[in-house]
Amino acid sequence: MELQKAEAAGAVFGTDRRKGLGGLGGTQEGPLTEVHVFWLAGMSCDGCSIAVTGATNPSVEDLLAGAIPGLPPVVLHHPVLSVGAGSDFIAPFKDAVNGELGAPYVVVLEGSVPDDQVLPEGYFSAMGAGGFEAETQGDEPNRVTDWLKQLAPGAAACVAIGTCATWGGIPAAAGNITGSMSMMDFLGKDYVSALGVPVVNVPGCSPVGDNFTEVVVGVLMFLQGIGPLPEFDELGRPSWQFSETVHRHCVRAGYYEEGVFAEEFGDKECLVHVGCWGPVVQCNITERGAINHMGGCMVAGGPCIGCTMPGFPDKFAPFYKAPPGSAASSAASRTYGAVFRRLRRMTMRADNFEPIWDRAGEVPTAYARRQREPSTSSKMMGFFYKKLQYQGTVDQAKRNREQPQPRSMGILDQAELAAPLARYKPPDAQEAEGAHPEEP
Ligand code: SF4
């Protein structure tokens, strides 16, 4: 694959500044003063748009305002978010098709691509009407597939957002009548953008908004010549976002390892027995959260149903049934987990004591009245555990056993130390006894 040099972006697309619908200005370096983003919606539920408007790192507003140092502002042409309407809204799309935009552009597709190019007439998804010439008007809707065909070859990059656009997703599931497919399937295996970049895929149903805006920033840095092209994997996914499984970073992974599993929704343990596919699904929602590092499937109690994967949804159906592959691993973790859980609890109990409580033989709190004395076996285990722990280093437990006890520990039980406190009377009590609190 021949990637054109980033410095060439200005030469390829020109550097004329055009008035766009966004772009409030900001610090800029490199050849470009603005980059247009043409957002197309195929067979879509608009969930990707909603996810992206929730992005925070960076936010859509940061991109539009050119608030990211060194990057040109983004001029976003979005069928839902743009303020312009009618022919004003469609004009820049036509300019891009006809090579008259005067600035580089990125095509973003949300939703899958229907197979309507083969229909003698009609469409599944359309935007604008009357063809692609600047002046033409008409009633015949422009199919989104036509826009894609026209815009993709001249784009600096084509980005598929969400699982419908990246892999076909739900509209491409068994039984669909639209023949839906992904952007990659539609454009074909030889497609590369004007800068030599194959389709970039940011999957998820809906995707993590920050995953998308982060990729846009990476691509803009490349276009501006201040960064390398971000690393994508063999399926065009940002490799730093999709190389790990959900399971490896899951907040419930500790339960899996200890062999403790949720039996029904609402339970706090690992969700594999209620249908979680996390161990085999590539997605970073467990690290990144859904919005602003909060939420996400397993955090909110939902098992992973594989929505970022090319095989979604049919290869992960039926949802909420335990994946067959989990039977062996969860049985194994149940077996060894039962042992290790107990051993860990013993260590946890022992280390839940301050050393001075160990020396005093009691915990100075009313809560601990029923605190049990550790069993002989626990004490022995603890002894050998600490031997191993401090092997080859300073035995801090032994040093701590030799520390003197703090003398004022349990002060209220010590008549001598508690006496000055007992003599103190609050002002109300002094007044009741006839003394003025300020008098000596
Ligand atoms: Fe793994 Fe899913 Fe269990 Fe999390 S809930 S630990 S991802 S199997």
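Trainee: Where does Ser206 lie?

Mentor: Ser206 lies in the loop between strand S7 (200–202) and helix H8. Helices (H or I, at least four residues) and strands (E, at least two) are DSSP runs, numbered from the N terminus. Residues are numbered from 1 along each chain as its sequence is written. This is a predicted model: local features need pLDDT of at least 70, side-chain atom pairs count only at pLDDT 80 or more, and totals for chains, interfaces and linings use all residues.

Trainee: What makes Ser206 count as buried?

Mentor: Set its value against the rule. A residue is buried if 20 or more other C-beta atoms lie within 10 Å of its own, exposed if 12 or fewer, and partly exposed in between, with C-beta atoms placed from the backbone. Ser206 has 22 C-beta neighbours inside 10 Å, so it counts as buried.

Trainee: Which residues does Ser206 touch, not counting residues up to four places away in sequence?

Mentor: Ser206 touches Gly47, Cys48, Ile50, Ala51 and Gly162. Two residues are in contact if their C-beta atoms, placed from the backbone, lie within 7 Å. The C-alpha atoms of Ser206 and Gly162 are separated by 5.9 Å. Along the chain these two are 44 residues apart.

Trainee: What is the peptide bond from Cys205 to Ser206?

Mentor: That bond is cis, with omega near -5°. The bond from Phe312 to Pro313 is also cis, with omega near 5°. Pro313 is found in the loop between H11 and H12. Most residues other than glycine have a negative phi, and most peptide bonds are trans.

Trainee: Which value of phi does Asp46 have?

Mentor: Phi of Asp46 is near 75°, a positive value in a residue other than glycine. Its place is in the loop between strand S1 (35–41) and helix H2 (47–53). Asn292 is not a glycine either, and its phi is positive at about 55°. Asn292 is found in the loop between H11 and H12.

Trainee: What makes Gly111 buried?

Mentor: Gly111 has 28 other C-beta atoms within 10 Å, and the rule asks for 20 or more, so Gly111 is buried. It is found in the loop between strand S3 (105–110) and strand S4 (126–129). Leaving aside neighbours within four places in sequence, its contacts include Ala41, Gly42 and Cys164.

Trainee: How many residues are in the largest nonpolar core?

Mentor: That core has 92 residues, and Tyr105, Val106 and Val107 touch the most other members. A nonpolar core is a set of buried Ala, Val, Leu, Ile, Met, Phe, Trp, Tyr and Cys residues joined through C-beta atoms within 7 Å. Helix H8 (residues 209–224) gives the most to this core, with eight residues.

Trainee: Why does this core lie between domain 1 and domain 2?

Mentor: Domain 1 (6–241) and domain 2 (244–352) both give residues to this core, so it lies between them. The domain bounds come from an automatic or database domain assignment.

Trainee: At what angle do the axes of helix H12 and helix H14 cross?

Mentor: The axes of helix H12 (residues 326–350) and helix H14 (residues 376–389) cross at roughly 85° and come within 10 Å. Axes are lines fitted to C-alpha atoms, for helices over the stretch in contact, and angles run from 0 to 180 degrees between N-to-C directions.

Trainee: Why is H12 called roughly perpendicular to H14?

Mentor: Angles under 35 degrees count as roughly parallel, over 145 as roughly antiparallel, 65 to 115 as roughly perpendicular and the rest as oblique. The crossing is roughly 85°, so H12 is roughly perpendicular to H14. Met346, Thr347 and Ala350 of H12 make the contact with Ser378, Met381, Gly382 and Tyr385 of H14.
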